[in-house]
Amino acid sequence: MEDKDIKEEVYKCSKCALCKSVCPVYLATKNEMYLPRGRFIILNRFFNNHEKLSPQFIQDLDKCLYCNLCKDFCPSSIDSAEIFTHIKNKYKKRALILSFSFRYKIWLLFSGLKNIFSQKINIKKFKGTRDEKIIYFEGCINRYVNSDDKNAVLSILNTLGYKNIKINHLCCGYPLLTDGDIKSYKKNSEKIINSLDKDVDYIICSCDSCYSELQKILKNSENKAKLITIDELLSMHNYDISDEKVIYFKPLTRKGYGNINKNIKQLNPQLKCSLMENFLMYKNKSLSEMMREQMQLVQMNIEDNTIITTCQLTRIGLQSLLGDKKVLMYSEYINKK
Ligand code: SF4
Ligand code: SF4
């Protein structure tokens with residue numbers, strides 16, 4: 001995106017404030033400067049040479065969660081997150097040590113030490129009868145932090161009779177994108193496209209954040225494999241959850257896809273996804289703590305139910321509030337049944 005394109009997009013904002021009712025960061029902070037509308041007023045002044053962009057303004061762009069809820073509500077369909085990425089890419093001074101993606105990698109590395117011996121399943125031993133070819137996109141958390149979800153997915157695939165499975169170990173690129181590091185993000189996306197065999201039937205994700213990124217990346221590729229979530233695959237096999245003691249915590253990134261039974265209870269949607277809490281922990285501690293306070297409310301709503309979710313960052317955030325046993329990924333829950 002060039003400056004002139006950003007200027008045009010920013011100019012489309014009618015200041016209607018509809019984004020105010022959905023932006024989770026605004027709802028937690030009540031600060032207009034964290035809202036697309038507030039930011040676009042500053043950007044308008046910048047593009048019309050009335051004002052410079054302050055370092056604080058650029059730094060505060062890191063408080064956007066890239067959830068795209070504002071875009072879904074915006075009458076002009078402005079992709080605020082994309083605009084913020086380009087502004088960061090162009091005007092943010094890069095300090096490698098402090099970058100979010102660098103700190104994220106360090107976190108993965110240290111967390112990974114605990115995970116070395118937890119990857120249990122050997123897919124070479126799968127002897128099912130189904131010929132469909134599958135790529136399972138495991139994502140960084142399964143690879144480096146906790147493989148319980150991946151082990152559950154592989155066990156499910158084995159039970160369903162799939163034998164042609166490959167595991168893709170790459171990162172979806174979400175941390176790079178949110179850092180405004182467009183060059184590395186594009187490079188990573190190309191790496192993903194080149195790593196995916198063209199003759200596969202399904203690419204399966206068990207984490208919604210990975211799914212959302214892959215959906216964007218695959219749009220620009222010739223790969224015709226069907227991208228699906230593990231719950232969509234299970235519903236193709238007529239698996240469903242009908243457990244009264246289960247509550248589904250829908251992540252912010254799950255929009256318009258997936259197939260979790262509509263009849264199972266869902267947690268109050270006002271309690272926004274803990275993706276934010278985790279995400280901001282690395283970007284902005286005070287905001288993260290504010291979100292955490294909001295998340296404490298979750299505890300009042302769960303009683304003796306099990307919480308299931310479909311995003312790894314959401315799972316980690318919820319587990320830090322409620323304990324490891326109380327919160328499971330969808331696949332872990334199904335695999336335990
Ligand atoms: S992408 Fe999400 S966090 Fe960012 S401005 Fe829009 S609603 Fe707010
Ligand atoms: S919803 Fe869209 S047009 Fe309305 S204030 Fe927000 S960014 Fe501007």
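Predicted model: local features only at pLDDT ≥ 70, side-chain atom pairs only at ≥ 80, totals over all residues.
## Talking through the ligand shells and the sheet

Trainee: Which residues come nearest to ligand 2?

Mentor: C13, C16, C19, R37 and C74, out of the 14 residues around ligand 2. Arg counts as charged and Cys as nonpolar, so R37 falls in the charged class and C13 in the nonpolar one.

Trainee: And what makes up the shell around ligand 1, by class?

Mentor: There you get 12 nonpolar, 2 polar and no charged residues. The closest are C23, C64, L65, C67 and C70. Cys and Leu both count as nonpolar, so C23 and L65 belong to that class.

Trainee: Which helices supply at least two residues each to the shell around ligand 1?

Mentor: Helix 2 (24-29), helix 5 (69-73) and helix 6 (80-91).

Trainee: Now the sheet. How do you know that strand 5 and strand 6 pair?

Mentor: Pairing takes at least two bridges, and 2 bridges join strand 5 (residues 246-249) to strand 6, so they qualify. The two run parallel. Within strand 5, Y248 stands opposite Q266 in strand 6.

Trainee: What is the strand order in that open sheet?

Mentor: The 4 strands go 6-5-7-8, with parallel pairing.

Trainee: Why do strand 6 (265-266) and strand 8 (327-329) stand at the edges?

Mentor: Each has a single partner strand, so one side of each is left without a neighbour in the sheet.

Trainee: How many helices and strands does the protein chain have?

Mentor: 17 helices and 8 strands. Of its 337 residues, 39% count as buried.

How values were computed
Residues numbered from 1 in each chain as written. Chains lettered and ligands numbered in written order. Near = placed C-beta within 6 Å. Buried ≥ 20, exposed ≤ 12 C-beta atoms within 10 Å, placed from the backbone.
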